[in-house]
Amino acid sequence: MLAGLVGAVVGIAAYSIAQTGGQTLSIVVGGMAGIALALGAEFYLQSAQLTEVKLTLPIGEMTFAPTADARQAAQRLFFQAATRVATRPLSDEGGNLRAALTSLRNLVDLYREPVESGTVPPPPATGDSVYALALSVVNHNLAPFLEAWHPKLDTWAAAQGEHADETTWPENAAFRADLKELQERLRPYVIGLGDLAGIRDPGREVPSLHQQETGPDTL
């Protein structure tokens, strides 16, 4: 709108000058009008980028208004997931399976806590809420995994007694394979949170599992 207004004013001036025979000045003023329009277009494109963030996720496309509250929430959710076993590798030989489950359970609680405590801002008038994305992470990914594996491991560990050795659990390999699949499913959600938070190249912090070198387990 600003560019259009400036262009209109400059255009009127150019026309008036042309009518009086000022050809050189008319060219100069016309050039100014072009510059004003170009700057206005650039400003519009930058503003459009700042007012909307679109993410393509496994559940479909989501659109967010990157307000300060949304970016802050996305940054917090990204950090929690990007530093836990939800996205970090668990080596085939090492790692504590019960600690891994506890870490995932804690992540669910961290994602739910702002909503349950009533500290979440009201949903935006347009677009999606950051916590709608978090709800998808919990309901479609973390919760089904925990419901499937927590009771199995707890039951086996209770039967083994105080010194249960997880490496002897018959479903050890199946658990680890399912955990890797969960981590890959969570990756686009976590990267999306990083994009919304404004983190440069969040995929670098959450590489796919085959890109990650085996290192210390992070729970």
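Predicted model: local features only at pLDDT ≥ 70, side-chain atom pairs only at ≥ 80, totals over all residues.
## Helix α4: length and ends

Helix α4 runs over residues 97-117. It has 21 residues, so at 1.5 Å a residue it should span 30 Å. Its end C-alpha atoms lie 30 Å apart, in agreement with that figure.

At the start of α4, N96 makes a side-chain to backbone approach. A side-chain oxygen of N96 comes to within 3.0 Å of the backbone nitrogen of R98. After α4 comes G118, with a positive phi near 80 degrees.

## Helix α4: bend and buried residues

α4 bends by about 30 degrees at Y111. A proline, P114, follows within four residues. Both Y111 and P114 are among the buried residues of α4.

R105 and D109 form a salt bridge, and their closest N and O atoms are 3.2 Å apart. Both residues lie in α4. They are four residues apart, about one turn of the helix.

D109 is partly exposed, at 37%. R105 is also partly exposed, at 30%.

## Other salt bridges

The whole structure holds five salt bridges. One of them joins the side chains of E171 and K152, at 3.7 Å from N to O. This pair links distant parts of the chain, 19 residues apart: E171 sits in the loop between α5 and α6, and K152 in helix α5. E171 is partly exposed, with a relative accessible area of 29%. K152 is partly exposed too, at 38%.

Another salt bridge pairs E205 with R204. Their closest N and O atoms are 3.5 Å apart. E205 is partly exposed, at 37% relative accessible area. R204 is exposed, at 55%.

## The β1–β2 hairpin

Strands β1 (residues 53-57) and β2 (residues 60-64) pair in the antiparallel sense, over five bridges. They form a hairpin with two residues between them.

β1 has two faces. V53, L55 and L57 make up the covered face. K54 and T56 make up the uncovered one. Across the pairing, K54 stands opposite T63 in β2.

Conventions
Residues numbered from 1 in each chain as written. Heavy atoms only, no water. Expected span 1.5 Å × (residues − 1). Bend = angle between axes of the 7 residues up to and from the residue. Buried < 20%, exposed > 50% of the residue type's maximum accessible area, 1.4 Å probe, protein only. Polar contact = N/O pair within 3.5 Å; in protein donor to acceptor, adjacent residues only side chain to side chain. Pairing = 2+ DSSP bridges. Salt bridge = Lys/Arg side-chain N within 4 Å of Asp/Glu carboxyl O.
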